[in-house]
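Student: Could we go through this model together, with questions from me and answers from you?

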Amino acid sequence: MLLFKLAWRNLWRSRKRSLITMSSVFFAVLLAVFAESVNRGSHEGMIRNSVSYFTGYLQLQDSAYMDEPSLDYCFAWDEQQEAAFAAVPGVKSLVPRVQGFVLAASNSKTRGAMVLGIDPAREEALNGLQSQLIAGNFESGGIVLADRLAERLGLALGDTVVLLGQGYQSQQAAGAYPVTGLVKPKLPELRKQSAYLLLSDAQTLFAAEGMVSSVLVMPHENASISQMQAKMQSLLSADGYVMVRNWEELLPELLAAIEFDNASNRIVLVILYIVIGFGIFGTVLTMTLERRKEFGVLVSVGMRRGRLALMTLYETLLLGGMGVIAGLLGSMPIVAWFYDHPVPLSAELGEMSENFGVDPFIYFSADPSIFLSQAGIVMGMCALVALYPVLYVKKLNVLQASRA
Amino acid sequence: MKRFTLWLSLLLVASSLHAQQPDPKDILRRMEDKSRGESAEMTMKMTVVRPRFTREMKMKSWSKGQQYSLVLLQEPVRDKGTVFLKRQKEIWNYVPSVDRMIKLPPSMMSQSWMGSDFSNDDLVRESSVINDYTHKILRSETKEGLDCWVIEMLPKAGSSVVYSKVVVWVSKADYYHLRTENYGDKGELVSTMVMSDIKKLGNRTLPSRMELTPMDKKGHKTIMVYEAAQFDVPISEGFFSVQNLKNIR
């Protein structure tokens, strides 16, 4: 305890020196947390977008639908089933959709389009589709086109678009619809090709009355996805084709991409840790050398080397600990702010990221595990660096040192 | 005199040897002439077989040479009156329920034609069996109880053929086209087409049933049965115009 007190006083004896070390630790934590937050945040952003627009966290679909997303694999969906699945604990909302690829034609132009038959109110809760409307509305019973698709077809509000394609079991799907809305979904892929009809209209178009392609499930926060999946699977008849898939099964490409990205990020992080580590080591090194005479004198007046070493260990760890805490306190508000305010990318960069199918924002993650893991790693590096003064004291030549 | 007979018999042997290996181009030309007239009018039934359902369609078709053809759907009732028109490399689709003609964009050409195993491309691809390939007779084989030539066709460089190799079975006596196997880039079998049920169609005798099986899709199959046909009835080019699409019944 005495040693600890000594160490503490030593720190405040030379405030400037301590502050320098602490700030190097502080910035180390800040940097590490920030880097990891961006990494994770961008991944979380990708997952969030894909899940809310495409898959849901869980999804009811035909077992063959994933390999061949065809309207042939629609399944019947009625209010009774709806009620049964909505009653599963943890379910926040069920979002039924019927979707298929068709030709969309204006008078002069023809483009491929993905028609989604939706329930606008429920989509809103899932991905905020209503708020992405730039003109008109979803409820008038016409068709709502994504902005770029409308542009390509040369269509405006009130014009008529003809849809042509194949519906359920290869029946012909054909219909003419007035354009009653324009929407700008967040994902560039959707902006180029999506068109929205009310669920019932789309079912008629595709000759799939009472059927859906998929039912997306959004859970309450903190609900256990795997438990919900198991419970829902038990509700489905075992001999049927319909099954429950989770987002990890539904987005294997995305998971693989994230895995790959993580690997390269880890290399960057290791380099960052090395830089940070040597930064801390540098300050500790100069401080130790500075105190050569002090150490020499202490040993010559009878302080045991072991205790002296222990004291320096305490000092470094205290500095490290305080630096880490300060770093955490400093990074939390910054990360929290960026978490709420994703950084929009500049025009060119934004376009580039859109070409990759990612929306043009840098997202940050505020996952508590980031703070803990980064603080832990920096603290670990401090502990490693703390060995230097210990070894130095052990090998100190007392005569030379005290004369210096 | 003896000498002369020897020469004669040698000559006969040589020519008969030659007869056993006729020109494959010639076989294919005769096969083509047999199945395709100047023009044709046909009634047919298409059955699309899928793992979980089967769909039947009845249709009538008119064609003129390789360039023009027109297909009118008669059944199922829901799709009745739908017309597909092929003019050279274009496909037009007329749908009565929306009363609109739509030209299929290039992006749709690889898509399935009316849910069958044929792609839109299959309908318009203008590869000539004779000019776009080099040919070789592989062997003789019996199909449908008929002695056939098996001819290997390798696409020439620069042709629009999508397969790396096509093998065709043609009957020796009547030049019926009885089977085709299409091979992909890695030499794998992509699809087979089997023709059978030889019968009289109009003024010709032809295989009346065609079964297309893609190899990469389990349980998928498309069967086309010709129920009636008339060949070489003159049809004017104007019949195959976009304007005429609406009038066909």
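Predicted model: local features only at pLDDT ≥ 70, side-chain atom pairs only at ≥ 80, totals over all residues.

Student: Which residues have the most contacts inside the largest nonpolar core?

Tutor: Residues are numbered from 1 along each chain as its sequence is written, while chains are lettered from A and ligands numbered from 1 in the order in which they are written. A nonpolar core is a set of buried Ala, Val, Leu, Ile, Met, Phe, Trp, Tyr and Cys residues joined through C-beta atoms within 7 Å, where buried means that 20 or more other C-beta atoms, placed from the backbone, lie within 10 Å of a residue's own. The largest such core has 96 residues, and those with the most contacts inside it are Ala104(A), Leu145(A), Val161(A), Leu163(A) and Ala195(A).

Student: Which strand of chain A gives the largest share of this core?

Tutor: Strands are DSSP runs of E with at least two residues, and helices are runs of H or I with at least four, both numbered from the N terminus. The largest share, seven residues, comes from residues 91-105 of chain A, which form strand β3.

Student: At what angle do helices α2 and α14 of chain A pack?

Tutor: Axes are lines fitted to C-alpha atoms, for helices over the stretch in contact, and angles run from 0 to 180 degrees between N-to-C directions. With their axes 9 Å apart, α2 (residues 15-55) and α14 (residues 368-385) of chain A pack at an angle of about 145°.

Student: How many nonpolar residues does the contact of α2(A) with α14(A) have?

Tutor: Residues are in contact if their C-beta atoms, placed from the backbone, lie within 7 Å, and those that meet here include Val25(A) and Ala28(A) in α2(A) and Ile370(A) and Phe371(A) in α14(A). Ala, Val, Leu, Ile, Met, Phe, Trp, Tyr, Cys and Pro count as nonpolar, Asp, Glu, Lys and Arg as charged, and the others, Gly among them, as polar. Beside two polar and two charged residues, the nonpolar count is 11.

Student: Which element gives the most to the side of chain B that touches chain A?

Tutor: The contact takes 19 residues from chain B and 16 residues from chain A. On the side of chain B, the elements that give two or more residues are β5 (90-95) and β6 (100-103). The element that gives the most, with three residues, is β6(B).

Definitions and conventions. Buried ≥ 20, exposed ≤ 12 C-beta atoms within 10 Å, placed from the backbone. Contact = placed C-beta atoms within 7 Å.
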